[in-house]
Amino acid sequence: MRRLLTAALTAALILTGTPAMAHSKAAPAPGGAGVGDEYYPDYGNSGYDVTHYDIRVRYTPATDLLTGTTTILAKATQDLSRINLDFLLDVSSVRVNNRPATFAKEGDHELVVTPARPVADGGALTIVVQYAGVPSSKVGAGYTAWIKTPDGALAVGEPEIAWWWYPSNDHPSDKATFDVSVSVPDGVEAISNGVQPRPPVRETLGYTRWSWRSLKPQATYLTFIAVGQYDITQDTTEGGLPVYNAYSQSLSEDFRFAAEASVERTAEIVDWESTVFGPYPFEATGGIVAPPGTLGFALENQTRPNYSAAFFRRGSNTYVVAHENAHQWFGDAISVAEWKHIWLNEGFASYAEWLWSEKNNEGTAQEIFDYVYASYPDDAAIWTTAPADPGTDELFGDAVYDRGALTLHALRLAVGDDDFFEILRSWVAEKRYRNATTEEFTALAEKISGEDLDALFDAWLYTPSKPVVASSLARRSLAEPKSWAAISEAHELLHQN
Ligand SMILES: [Zn+2]
């Protein structure tokens with residue numbers, strides 16, 4: 001049930017004709033233009049909590065024109081006189097709870113909506129935004145995250161991407177379920193997260209509508225669309241999970257074979273990761289390989305990572321597949337409470353690569369730890385940046401990825417394998433579908449191991465200098481782990497985003 005006023009206030013309105021809000025304890029106030037993220041103060045918004053997005057758009061590759069309607073179901077978390085959304089395209093109308101609302105653009109990416117009537121704390125909100133625009137012509141945060149490709153487009157990016165195609169409360173602390181449907185010219189593919197509640201349906205005028213649904217809470221930046229000419233493969237995992245993969249038809253044969261030899265192993269890799277991290281948290285899996293020269297990185301979009309073709313330029317690479325799918329547990333199911341905690345995503349996904357190497361007899365995690373530790377000069381950014389507070393410039397830097405993984409291995413050495421893997425599985429069990437901080441992780445590690453780990457975490461996560469390792473060896477005395485070429489190739493690209 002969803003309504004604007006409580007029954008009591010409605011009665012008061014009818015009986016006396018007095019404006020309902022005159023009976024409120026406090027005057028309704030505007031919601032905030034940010035959730036309070038230390039690194040990105042104007043990302044997301046305050047004053048409401050989204051439960052579901054229904055995104056219904058049409059996209060025409062030839063013109064890069066996106067038109068559509070997004071319906072947001074939310075709940076007010078204060079008495080609200082005004083609501084901020086994050087959005088860049090041109091808005092033609094906004095309705096809040098079935099009444100026309102006024103709206104204006106403000107700042108870098110804010111859409112400020114004033115409902116006809118204030119919304120009471122705890123009240124349900126239905127916000128309907130109609131819009132159109134050419135996403136590649138819009139700039140937010142100083143750049144354009146939308147990627148126009150020769151035969152379509154990719155809405156794939158972190159932390160920014162939603163602003164270019166749907167209005168939202170754009171911060172991982174407000175996750176929601178999603179229905180995404182995209183109408184594209186007949187013969188073009190439109191792929192998104194989750195499962196297909198219906199097969200593609202022909203519309204009039206030569207357009208076909210593709211529908212997708214995410215059944216579990218999903219962060220706004222992990223919601224993607226890939227439009228273009230794709231070849232699709234479908235399967236199910238041994239555990240019964242639907243697998244949906246897509247390969248750009250513009251991949252040359254050598255790229256295509258290497259990409260398939262990697263991404264077609266997604267089911268195997270997800271099944272293995274389930275044995276290490278606990279049950280897979282979502283309803284589907286798969287992967288999308290972008291047209292060459294378009295996407296410059298990979299992103300762990302929920303249920304279906306997107307990969308740059310460049311990962312497969314020197315042959316197959318299952319390490320990037322292990323990395324992006326480990327994010328389904330660490331980053332997607334468990335989301336950062338604030339962006340400063342990003343090592344909880346990237347350190348864990350990088351360590352999953354080391355575990356994959358160990359499983360494949362291509363170098364143990366200990367061998368990779370020794371090699372990485374010895375590889376970086378003492379004055380490198382990995383040592384001068386604290387993973388627990390990297391700053392926006394190093395949000396995707398070596399400290400977050402490699403030192404994050406080194407930290408997890410240092411923890412494993414300190415507490416032993418049994419406690420270490422118990423910590424990983426308990427972390428997922430306690431935090432999945434929710435948000436988390438570094439402090440919550442270190443507290444859980446201490447609780448499960450029964451050890452005081454302050455010194456370890458201080459040295460590895462909070463101190464901007466190189467931690468001392470008792471038995472460290474010089475790199476020249478270390479053999480390069482067999483997996484290292486593939487891992488480091490993957491990281492050259494991962495670090496670009
Ligand atoms: Zn990653």
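This is a predicted model: local features need pLDDT of at least 70, side-chain atom pairs count only at pLDDT 80 or more; totals for chains, interfaces and linings use all residues.
**Zinc site**

Which residues hold the zinc ion? I found His-323 and His-327, each through NE2, plus Glu-346 through OE, at 2.0 to 2.1 Å. Then I looked at how these donors are spaced along the chain, and the pattern reads H-x3-H-x18-E.

**Sheet S16 to S19**

Next I looked up an open sheet of four strands. I wrote down its order as S16-S17-S18-S19, and its pairing is mixed. Which strands sit at the edges? They are S16 (230-236) and S19 (306-307), and each of them pairs on one side only. I then zoomed in on S18 (residues 285-289) and S19, which run parallel and are joined by two bridges. For Val-289 I noted its bridge partner in S19, and that is Tyr-307.

**Salt bridges**

How many salt bridges are there? I got a count of 14. I picked out a few to follow up.

Why does Lys-340 count as buried? Its relative accessibility is 17%, and the cut-off for buried is under 20%. Glu-38 has a relative accessible area of 48%, so I put it down as partly exposed.

Glu-260 and Arg-256 meet through their side chains in a salt bridge, 2.6 Å from N to O. Both lie in helix H2 (residues 253-263), four residues apart, which is about one turn of the helix. Arg-256 counts as buried at 17% relative accessibility, whereas Glu-260 is partly exposed at 26%.

Then I checked Glu-268 and Arg-265, whose closest N and O atoms are 2.8 Å apart in their salt bridge. Glu-268 is partly exposed, with 39% relative accessible area, and Arg-265 is partly exposed too, with 30%.

Last one for today: which residues are linked in a network of salt bridges? I noted Arg-58, Glu-203 and Arg-209. A reminder to myself on the idea behind these entries: side chains of opposite charge can pair when their charged atoms come close.

Terms used:
Residues are numbered from 1 along each chain as its sequence is written. Side-chain values use heavy atoms; hydrogens and water are left out. Two strands pair if DSSP finds at least two bridges between them. Donors are N, O and S atoms within 2.8 Å of the metal (3.2 Å for Na, K and Ca); water is not among the atoms, so sites may look incomplete. A salt bridge is a side-chain nitrogen of Lys or Arg within 4 Å of a carboxyl oxygen of Asp or Glu. Buried means under 20% relative accessible area, exposed over 50%, partly exposed in between (1.4 Å probe, protein chains only).
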